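I set out to record what could be looked up in this structure. The entries are kept in the order of the look-ups.

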Amino acid sequence: MADYTMQPESPSPARPRKTPEQLRSHRWYGVNDLRSFGHRSRTAQMGYHRADYAGKPVIAIINTWSDINPCHSHFRQRVEEVKRGIWQAGGFPVEMPAMSLSEPFQKPTTMLYRNLLAMETEELLRSYPADGCVLMGGCDKTTPALLMGAMSMDLPTIFVPAGPMLRGNWNGVTLGSGSDTWKYWAELRAGNITEHDWQGIEDGIARSPGHCMTMGTASTMTAVVEAMGMCLSGASSIPAPDSRHAQMASLSGRRIVEMVWEDWKPSEIMTPAAFDNGVRTALALSGSTNAIVHLIAMARRAGYALTLDRYDELARGTPVLANVRPSGKYLMEDFYYAGGLRGMLAQLRDLIDTTTLTVDGRTLGECIEGARVFNDDVIRSRDNPLVAHDGLAVLRGNLAPDGAVIKPPAAEPHLLRHTGRAVVFRDYNDMAARIDDPDLDIDADSVIVLQNAGPQGAPGMPEWGQLPIPQKLLRQGVRDMVRISDARMSGTSYGACVLHVAPESYVGGPLAFVRDGDLIELDVPARKLNLLIDDEEFARRRAAWSAPVPKFERGYGKLYLRHISQADKGCDFDFLEPVEVRAGGDPEIH
């Protein structure tokens, strides 16, 4: 079980401490001029006395709660617990609502707006009297977005993860969000369950606050943030309704005040070694493929080039230890009670850098000291891994010169080496219109290809990559096929899905040139993805290709299309990365 014993208020006595005059907020509140008069008088207007904030750290709480985000529905209460901790430690809490990025509701995808939340976070911290910040997130894109913005601003920062929801239940069957949605949707389309059954699943699959309790993007990214040292040790595994989650929120509020006095900044914590720890953690969890895009973007914000090749290098030597859906059989509630992330990291001790710093004021090694595993089927030992290595794999070839990714443990093993003829859909609407056509020329050995689903093509690179299996094949018992796209897929998804093909088809990447009947070779052990046509035919198709009409003509969408990078570079805006990263002179993580 996670240990939340509060550390001494000065865990680093040798570390220099700020004076009240050195606080950033002193420029707003502490000087005697006309502007400060206005700041103080308007604060009094809100009912605060000067004693509430004078000479104290002002802590911005960036809260992504909203009525449209069920994953964060408990944040209305949790923010009060964060504030309680800040008040107790002698700080002045200021809650600042930010864009919610609700994964279940926002169209076409929250990924379109990840960078907007990152910009909002950075500018909130820049423009207001914040000495430090608490980031409240968890639902998929909120975690990387909040961290990207905070890293660019580089004020003392601590992350409060939303926590996973409780396990689902239907007629005595344990349900996992996302994973069982896809599973039972396929069974409904195959005629194996009834509409009444489907309604029961709908009513029972999500039954508490919190994000997905499978190893989706939310659980993966919050665990990664903990492994990188940006939230309290053990915090990411706690189920959202558990009372220890409220305790963690309050302790985070207490800790951020001390971090401000000691000036603990993300730039000291988010080092190349910390990013390697984050990658190792995502791999040992058999985490979401989305983590690749987000970690690359986060690293580039920090001034480092985390490459796909580095990710693949670490994958070859990292075992999968978390027996959690969709690659395993348990859920995050089970993972927490089995020992949580601290327990799993203790199993990985020799593969991670335990000297990296954390917001706890201790090293990662100190944070996981004494951590235990209480169920070795949920969190496997090193000599009994779920998968020995390759929780994720990076593919290259003439179809993906800048890389593509696949999650091998989530695929049927016989498909990891496969050659089949392409069945091509030019976009999502084309696929939705034709995939269940009884006359579609397709069989179980075919390779389904979806074009124009990438960062610009969709737009926003939605989670369309778990392409549906045609209904006529579902009825024959087929449950997995090789599927290729420049889209992403939910971390709760599964199957032999090749994703993030770069460059994307919309900008003239090779995926745009695939035609029905072409042979495509997938060889995961050899890390190959090739379109089996000759160079001359490739050149003819390239010459005949013309750029499509832009998706947006105004507003944020136009800004997005003009500045978004490809998946292998993290899909960040070029103007938000440090100048040295844009210039290509940044140090690589290796």
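The notes below cover the annotated domains, the nonpolar cores, a pocket and one glycine.

**Basis.** I worked from a predicted model, in which local features need pLDDT of at least 70 and side-chain atom pairs count only at pLDDT 80 or more, while totals for chains, interfaces and linings use all residues. Residues are numbered from 1 along each chain as its sequence is written, and side-chain values use heavy atoms, with hydrogens and water left out.

UniProt lists residues 56-366 as "domain: Dihydroxy-acid/6-phosphogluconate dehydratase N-terminal". I found this stretch to be 47% helix and 9% strand, with its end C-alpha atoms 30 Å apart. Helices (H or I, at least four residues) and strands (E, at least two) are DSSP runs, numbered from the N terminus. For residues 377-571 the UniProt listing is "domain: Dihydroxy-acid/6-phosphogluconate dehydratase C-terminal". There I noted 15% helix and 21% strand, and 36 Å between the end C-alpha atoms.

**Cores.** I defined a nonpolar core as a set of buried Ala, Val, Leu, Ile, Met, Phe, Trp, Tyr and Cys residues joined through side-chain atoms within 4.5 Å; buried means under 20% relative accessible area, with a 1.4 Å probe and protein chains only. The largest has 92 residues, and Ile 62, Leu 125, Val 134, Phe 275 and Tyr 311 have the most contacts inside it. Apart from this core lies another of 29 residues, including Leu 395 and Leu 416.

I next examined the second largest pocket, which holds about 300 Å³ of space. A pocket is an open set of points on a 1 Å grid over the protein atoms alone, where a 1.4 Å probe fits, with protein on both sides within 12 Å along at least five of seven lines; lining residues have an atom within 4 Å of a point. The volume is the space filled by probe spheres set on the points, which are joined across faces, edges and corners. Of its 16 lining residues, Tyr 29, Met 46, Phe 92, Pro 93 and Val 94 lie nearest the centre. β2 gives the most to this lining, with five residues.

**Gly 508.** I placed Gly 508 in the loop between β12 (497-498) and β13 (519-523). Gly 508 counts as buried because its relative accessibility is 13%. Leaving aside neighbours within four places in sequence, Gly 508 is in contact (heavy atoms within 4.5 Å) with Phe 513, Arg 542 and Trp 545. Gly 508 and Arg 542 are 34 residues apart in sequence and 7.7 Å apart in space, C-alpha to C-alpha.

Methods. Buried means under 20% relative accessible area, exposed over 50%, partly exposed in between (1.4 Å probe, protein chains only). UniProt positions are given in the numbering used here, feature names are shortened, and annotations may be inferred rather than shown by experiment.
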